[in-house]
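Biologist: Please pick one chain and take me through it closely. Keep it brisk, and spell out your cut-offs as you go.

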Amino acid sequence: MNIPDNLKYTKTHEWVKIDCNKAKVGITDFAQHEITDIVHIELPEIGKRVKKEQPIAVIESVKSAFDIYTPLSGKIIDVNDNIIETPEVVNKSPYGDGYLFTVEFDDEKEIGSLLSVDDYKKLIL
Amino acid sequence: MEKLLNELSTECCPAYSLDSDIEINPQVPESLKRNLSLDLPNISENDLLRHFTNLSRKNYALSTTFYPLGSCTMKYNPLVNERIAKFDNFAKLHPYQDSKTVQGVLEVMYNLEKDLCEISGMDCFSLQQAAGAHGEFSSLLIIAKYFKSIKQKRAKIIVPDSAHGTNPASAALAGFDIVPLKSESDGSILPEKLKEILTPEIAAIMLTVPNTLGTFEKNIPEISKIVHGNGSLLYYDGANLNAVMGVVKPGDMGFDIMHINLHKTFSTPHGGGGPGSGPIGVKAFLEPFLPLPRIESKGNEFILNYEKQESIGKLKAFFGNFPVILKAYVYIKSLGAKGLKNVSEQAVLNANYMLSRFKDKINVPAGGRCMHEFVLAPKKLFKNAVRTLDVAKRLLDYGYYAPTVYFPLIVEEAIMIEPTETESKKTLDAFVDTLIKIILEEASLEPQKLKDAPVNTFVGRLNEVEAARNPILKWK
């Protein structure tokens, strides 16, 4: 199971990469494995205002459909359109080419409530 | 695989013959006359008969196999009811006929509404909805309209994660925001947790009873008190009514509005693409909002009332799926109050019998008792990368229809089993023996058998991922 050290995590299995006031978000290796082969993805619109822990994207596999929650409040400034046509990329590269969206967050304090790599490992292992 | 009709077609000679000297009405203009030959498959009548007979023999159906599909109530539906639904007196009526000429039909619908009120403890019913989710959706429109009528802004619906998946979908479609509520390990709701998320914006909470883990919600009186204290409404997803008929009534427990699936509980086969019927029941204060037309009894006559100012309007062509309504009526009248109670008791007994045989061998997340269905969580027993999907596929090799898998979502690798009241102990035992053998023996000793399954079916394991990613939806 690949769980990179340099990322923050959520209980709902998103990873978060903080860069200044921006956070890149995707699903973890654990999540893509549990979801199994992804066949459809719905992403939020650019510019959408979102609130921490609000469901804003949907990932569908042959098993079921799963809500994806934004880990931080703010504005969606970028979505990964490439994965719409090739959703299998999220299975293959959940931390790289298979990221989902970037949120420009409002409140730095919210970062404190994200899980550290150790906390996340405790959650899933 | 059976070929398509187009693939069976031969070039040599047409399988149909039309009179060449057919007289065409001289008023048909030249431009509308066909001058190309008909593009139909050329198949002899006997080959055509064989094609359809062969297809029918490849069916997995309740009439050939045990069908323990959790959450779907795949029970035996009396075939005589199908026959009654096809009586000319019903089947050949036209929905535009004057209501004076279809009094019998209106009487059936009127009486069924009354019977459903008696079974559910609600005050009024509407039979127009075409399926369970349609019932949910129309109920949510009623909830929205009700709060509008009393000038309250309530835009949110609470849905526990142990509710049916259609609940949040219906609420979203009706324009509400969803507030999820995490349930306990048996799918029940903790009143304290509910209190925490209950704000003045909450219009209603939707409870599935029994819930998707097959347990009865034990805190209903308290939930009802809290919810109503907040001015919100209580919704009953009655898709699992097969477990509680004649035992409890949602109306008595404080529910304000609900739906029932006639095509599960009341004698119409579930699945196969419908038609279904998802009537909704309400307490009297919500009656003005029910869809139109309402069937009313006026003197010696039944009439259709289209004149109700506050109604949410029309939801379905004409009056709903009448044959399904008729079958439900016949079923209820045949069984009577005692018979319906017996249905539920037997359904619960069958499920508990199976659960009692599984519970010492396979993890049961909701405990050792259930209502009409239960969930197994075999994940810890799996080695060799075996998954629930492989177990389900292997069951096909033993001639069974697989149970519901990966639902409810709150149980990892879930297997959801609903035997229904119409199966014998012998059938239940044989299925339990087979499933235990697959999970406890084959999965560890011969995992490849599971990975390769099914091998005894007309087609092997289908590539579900490719089918979803690149569906081919037409011939050529």
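**Chain B, from fold to details**

Modeller: Start with the contacts in chain B between residues at least 6 apart in sequence: 73% of them join residues at least 24 apart. Here two residues are in contact if their C-beta atoms, placed from the backbone, lie within 7 Å. The model is predicted, so local features need pLDDT of at least 70 and side-chain atom pairs count only at pLDDT 80 or more, while totals for chains, interfaces and linings use all residues. Residues are numbered from 1 along each chain as its sequence is written, and chains are lettered from A and ligands numbered from 1 in the order in which they are written.

Confidence next. The average pLDDT of chain B is 94, and 100% of its residues score at least 70; pLDDT is the predictor's confidence in each residue, from 0 to 100. For the complex, the predictor gives an ipTM of 0.75 and a pTM of 0.88.

Now the overall build. Chain B has 15 helices and 12 strands. These are DSSP runs numbered from the N terminus: helices are H or I with at least four residues, strands are E with at least two. The radius of gyration of chain B is 26 Å, close to the 23 Å that the globule rule gives for 476 residues, so chain B is as compact as a globular protein of that length. That radius is taken over C-alpha atoms, and the rule is 2.2 Å times the number of residues to the power 0.38. Along the principal axes, the C-alpha atoms of chain B fill a box of roughly 80 × 70 × 45 Å. Of its 476 residues, 41% count as buried. Buried means 20 or more other C-beta atoms within 10 Å of a residue's own; exposed means 12 or fewer; partly exposed lies in between, with C-beta atoms placed from the backbone.

Chain B is assigned three stretches: domain 1 (5–57), domain 2 (79–335) and domain 3 (343–467). Those bounds come from an automatic or database domain assignment. The centres of domain 2 and domain 3 of chain B, taken over C-alpha atoms, are 31 Å apart. Their contact takes 20 residues from domain 2 of chain B and 16 residues from domain 3 of chain B. On the domain 2 side, the touching residues divide into eight nonpolar, 10 polar and two charged. Ala, Val, Leu, Ile, Met, Phe, Trp, Tyr, Cys and Pro count as nonpolar; Asp, Glu, Lys and Arg count as charged; the others, Gly among them, count as polar.

Move to helix 12 of chain B, residues 388–397. It is mostly covered, with eight of its 10 residues buried. Just after helix 12, Gly399(B) takes a positive phi of about 85°.

Helix 11 of chain B spans residues 322–358 and holds Arg357(B). Arg357(B) counts as partly exposed, with 17 C-beta neighbours inside 10 Å. From Arg357(B) to Lys314(B) is 43 residues in sequence and 48 Å in space, C-alpha to C-alpha.

Then the loops. Phe318(B) sits in the loop between strand 9 (301–305) and helix 11 of chain B. Its phi is near 55°, a positive value in a residue other than glycine. Phe318(B) is exposed, with 12 other C-beta atoms within 10 Å. Lys151(B) is not a glycine, yet has a positive phi of about 55°. It lies in the loop between helix 6 (132–149) and strand 2 (156–160) of chain B. Lys151(B) counts as exposed, with 6 C-beta neighbours inside 10 Å.

Two cis peptide bonds deserve a check. The bond from Val209(B) to Pro210(B) is cis, with omega near -10°. Pro210(B) is in the loop between strand 4 (202–208) and helix 9 (220–229) of chain B. Leu292(B) and Pro293(B) are also joined by a cis peptide bond, with omega about -5°. Pro293(B) is in the loop between strand 7 (280–282) and strand 8 (294–298) of chain B.

Last, the partner. The contact between the chains takes six residues from chain B and five residues from chain A. On the chain A side, those residues divide into two nonpolar, one polar and two charged.
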